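Please read the following explanation with the sequence and the structure side by side.

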Amino acid sequence: MTTSAAAPSPFWLAGRPATGADSFEVTSPWDGSPVARVSVPDEAQVEEAVAAAAAVRHAFEATPAHIRAAALDHVAKCLAERAEEIARLITAENGKPVKWSRGEVGRAVSVFRWAAEEARRFNSGEAQRLDTDPGGVGRLALTRRFGRGAVLGIAPFNFPLNLVAHKVAPALAVGAPIILKPAPATPLSALLLGELLAETTGLPAGAWSVLPVPNDRMPALVQDPRLPVISFTGSDAVGYAIRDAVPRKHVTLELGGNAAAVVLADWSSEEDLEWAAGRIATFANYQGGQSCISVQRVIADASVYDALVEKVVTKVRAQVTGDPGDDATDVGPLVNEAAAERVASWVDDAVAKGAKLLTGGERDGASYAPTVLADLPGDAILAGAEAFGPVLSLHRVNGADEAFAAVNDSRYGLQAGVFTHDLRLAFRAHRELEVGGVIIGDAPSYRADQMPYGGVKDSGNGREGVKYAMDDYTYERVLVLTGLDL
């Protein structure tokens, strides 16, 4: 950390802007130019934010639904009104092409809109007669949900607005105070979101804070007993370290993946293969591959493999790389040069062990060319790890049995895409694939923000998606009424 002579952007402490003595610079992954300087809260300020969240817990939960919903509606409206400005900010700090940043803003609008709607529906309660047995005569159970306590939300760099929204919006919808820690590389979108929240009325002080604390100060926040709920999105190594450190807390982990796109034998027409190849090429590279559900593995039936490979390689080569601020750009840089160096070393490892490089394989600073590999050996790093870069591998199989076994031959299980017209195979894939989501007729990268989203195995536990996160932040509490004439 260094101290800047220029006034740094403030963080948000219990709903108000604040600055600390230290600051750090956010730079563009594309050209290294400075984007902004951000103030860092000191330990006393972090303590103030946590204490305020803990103190306001019960008052916030008792806030009328219409107040919480109105605040969420306000954020959705403002995000939509300032969409282009915010998209440019995401591109500046993250490096993703601006057309994908625009899509991210649109998704965040939907998240806050869904949260406002769910806030109005939330906790109406469910009544249950208990006189199904003699001991329950005259008794009625009413079940409602109540907050587990203040939330610590830890967000990643790859979707610096929308994955922040997926933590903040559900918390505010249920009346759970939240301390939001954005990724150090991309704090600006979260801080702008704080600006919009500060414009709302009715949310009590302490209901939310946005604290860009450095990663080395995270253990103290993770351990703090006043933050009994942790929602983390990031790497499996960090996620499991958090869960192991606080086994008595409620910890939701949305971790990595090495998502597979399966192309079965019946997906064989020219139109079918064009669609599949286009979706695969796009969603292997659309965030520079920096998405947990980007296409990393293509598992194709032998009957369509050769035709598909030719189309995939052609479409990958057609991806426009370059300046992420240019509307024509499909693929921008990775988050930093170290990330690109890691991807390059893993591709080199695969080629050295026998993989065929069909296209790509070049690095220029933080940018890495969209890359396609065939014949990836099982001992290559990329065979088991999450690439988190613009790299995909092609695999030939014989039939659905081999295809589904290949999908499951992974320590990850986030989402899979299955290109088939056969409804029976679609339901079989849903039953057999060890993932959190199965997308039929499309790449595994599809996500609607209201659906349950999360994985199994080393892809984590729990589910995001507004309603499902609201359930995760709360628990059922039953009220039994006695002496009633039912």
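Which residues touch the most other members of the largest nonpolar core? In this predicted model, that core holds 85 residues, and those that touch the most other members are Leu-72, Leu-79, Phe-112, Leu-152, Leu-172 and Trp-208. The element that gives the most to this core is helix α4, spanning residues 98-121, with 9 residues. As a general background, nonpolar side chains in soluble globular proteins tend to be buried together.

Apart from neighbours within four places in sequence, Thr-63 is in contact with Arg-68, Gly-202 and Pro-204. Thr-63 lies in the loop that runs between α1 (43-61) and α2 (65-81). Is Thr-63 buried or exposed? The relative accessible area of Thr-63 is 9%, and the residue therefore counts as buried, the cut-off being under 20%.

The next topic is the packing of two helices. Such a pair is described by the angle between the axes and the distance between them. Helix α3 (residues 83-94) packs with helix α6 (residues 188-198) at an angle of about 150 degrees, and their axes are 9 Å apart. Because angles over 145 degrees count as roughly antiparallel, α3 is roughly antiparallel to α6. From α3, the residues Glu-85, Ile-86, Leu-89, Ile-90 and Glu-93 meet Leu-188, Ser-189 and Leu-192 of α6. The residues of this contact comprise 5 nonpolar, 1 polar and 2 charged.

Three strands form an open sheet in the order β5-β6-β24, with antiparallel pairing. At the edges are β5 (126-129) and β24 (474-481), each of which pairs on one side only. From one strand to the next, the twist averages 30 degrees. Between β5 and the antiparallel strand β6 (residues 140-147) there are 4 bridges. Within this pairing, Glu-126 has Thr-143 in β6 as its bridge partner.

Methods
Residues are numbered from 1 along each chain as its sequence is written. This is a predicted model: local features need pLDDT of at least 70, side-chain atom pairs count only at pLDDT 80 or more; totals for chains, interfaces and linings use all residues. Side-chain values use heavy atoms; hydrogens and water are left out. Two strands pair if DSSP finds at least two bridges between them. Helices (H or I, at least four residues) and strands (E, at least two) are DSSP runs, numbered from the N terminus. Axes are lines fitted to C-alpha atoms, for helices over the stretch in contact, and angles run from 0 to 180 degrees between N-to-C directions. A nonpolar core is a set of buried Ala, Val, Leu, Ile, Met, Phe, Trp, Tyr and Cys residues joined through side-chain atoms within 4.5 Å. Buried means under 20% relative accessible area, exposed over 50%, partly exposed in between (1.4 Å probe, protein chains only). Angles under 35 degrees count as roughly parallel, over 145 as roughly antiparallel, 65 to 115 as roughly perpendicular and the rest as oblique. Contact means heavy atoms within 4.5 Å. Ala, Val, Leu, Ile, Met, Phe, Trp, Tyr, Cys and Pro count as nonpolar, Asp, Glu, Lys and Arg as charged, and the others, Gly among them, as polar.
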